[in-house]
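Open the structure in your viewer and keep the selection tool at hand. This tour goes from one selection to the next.

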Amino acid sequence: MTGKLFIVATPIGNLNDITYRAIETLKTVELVLAEDTRHSKKLFTHFEISTPLKAFHEHNEREKTDSIISELNSGVSIALISDAGTPLISDPGYFLVSHAKKEGIEVVPIPGPSAIITALSVSGLASNSFSFFGFLPSKQTARIKYLQNRTDLNETIIFYESPKRILATLNDMLKVFGSERKVCLAKELTKSFETIRTDKIPSLIEYLTTDPAHQKGEFVILISSADKIDLVDAENQLAKILPILCAEMGASKASKLAAKITGIDKKHCYNRAIEL
Ligand code: SAM
């Protein structure tokens with residue numbers, strides 16, 4: 001029988017965020033592939049996992065994939081983990097997973113934390129539609145161009161950023177997006193110094209510069225959608241105008257007009273109108 005390849009999410013800070021299924025899987029597979037085996041050893045010690053660990057990182061992924069596929073084909077069950085969060089999300093594994101799937105090997109997700117989704121869930125920014133772009137280019141000219149190509153996106157934009165560049169990136173964002181765009185800085189999620197601030201860019205720059213310690217740690221940056229709808233304000237406006245419009249015209253026409261005024265989508269306005 002062919003072995004299965006398990007893609008196992010691990011905590012992004014707080015070890016208590018590991019799932020029962022993740023521990024059980026890591027204990028029962030025959031081999032665990034890890035980005036940094038010394039780092040993962042700490043997780044293994046904490047949860048008393050004694051499965052052998054093998055290094056699997058961006059520098060050896062391509063070279064190791066063939067032998068891993070052979071092991072899976074010979075019946076060995078293998079789990080892939082990264083240093084933190086969900087493998088393949090700005091982490092190694094894409095090459096291995098795509099090859100395994102082409103070979104007909106079963107790839108099983110063991111879901112758990114990921115910094116993007118964790119940050120989005122508490123940012124207060126639109127969560128119905130978003131784009132994630134991983135890490136921004138490290139060189140300023142490339143970074144500014146990259147940001148400029150994304151100014152018109154009508155959805156929340158999410159990036160990962162290193163503490164080394166967080167201030168420079170926020171300054172570039174101010175140049176590209178202006179001072180009115182709302183941004184969320186989600187720092188050290190699930191850890192002791194967890195900080196989540198959603199504000200206009202100049203206030204976030206002020207936060208980062210008032211204390212150099214504020215620039216330390218791991219960051220997710222979320223930029224609000226270009227259409228800048230504040231959903232709470234828009235819903236309040238809709239609640240006021242919809243009964244007035246519906247008293248003058250049919251639900252269909254009233255909801256079209258309400259959608260134009262509030263920026264909320266037509267279907268949602270119509271559903272509200274027919275509830276009146
Ligand atoms: N695979 C991971 C995931 O699912 O989130 C991401 C790995 S990526 C190499 C590491 C980056 O994720 C960090 O530089 C930071 O931008 C973000 N990140 C990871 N853990 C975080 C945390 N606890 N708080 C904020 N950002 C975090």
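Which pocket holds the space taken by the ligand? The ligand takes up the space of the second largest pocket. Keep in mind that this is a predicted model.

Select the ligand and the residues around it. There are 19 such residues, and those that come nearest are Asp 91, Ser 114, Ala 115, Tyr 160 and Phe 219. Colour this shell by residue class: ten of its residues are nonpolar, four are polar and five are charged.

Next, show the secondary structure. Two elements give two or more residues to the shell around the ligand: strand S7, residues 156-161, and strand S10, residues 219-223.

Now look at individual atom pairs. Select Phe 219: a polar atom of its backbone is 2.6 Å from an oxygen atom of the ligand. Move to Thr 86, where a backbone N or O atom lies 2.9 Å from a ligand oxygen atom. Then pick Glu 218, whose side chain has an N or O atom 3.4 Å from a nitrogen atom of the ligand. How much of the ligand does the protein bury? Taken alone, the ligand exposes 570 Å², and the protein buries 91% of that.

For the last stop, select Arg 38. This residue is found in helix H2, which covers residues 37-46. Is Arg 38 buried or exposed? Its relative accessible area is 69%, and exposed means over 50%, so Arg 38 counts as exposed. Finally, select Met 1 together with Arg 38: they are 37 residues apart along the chain, and their C-alpha atoms are separated by 31 Å.

Key
Residues numbered from 1 in each chain as written. Predicted model: local features only at pLDDT ≥ 70, side-chain atom pairs only at ≥ 80, totals over all residues. Heavy atoms only, no water. Near = heavy atom within 4 Å. Polar contact = N/O pair within 3.5 Å; in protein donor to acceptor, adjacent residues only side chain to side chain. Areas by Shrake-Rupley, 256 points an atom, 1.4 Å probe, with all protein chains shown as cover. 1 Å grid on protein atoms, 1.4 Å probe; cavity = no way out; pocket = protein on both sides within 12 Å on 5 of 7 lines; lining within 4 Å. Sits in = over half its atoms within 2 Å of the grid points. Helix = DSSP H or I, 4+ residues; strand = E, 2+ residues; numbered from the N terminus. Nonpolar A, V, L, I, M, F, W, Y, C, P; charged D, E, K, R; others polar. Buried < 20%, exposed > 50% of the residue type's maximum accessible area, 1.4 Å probe, protein only.
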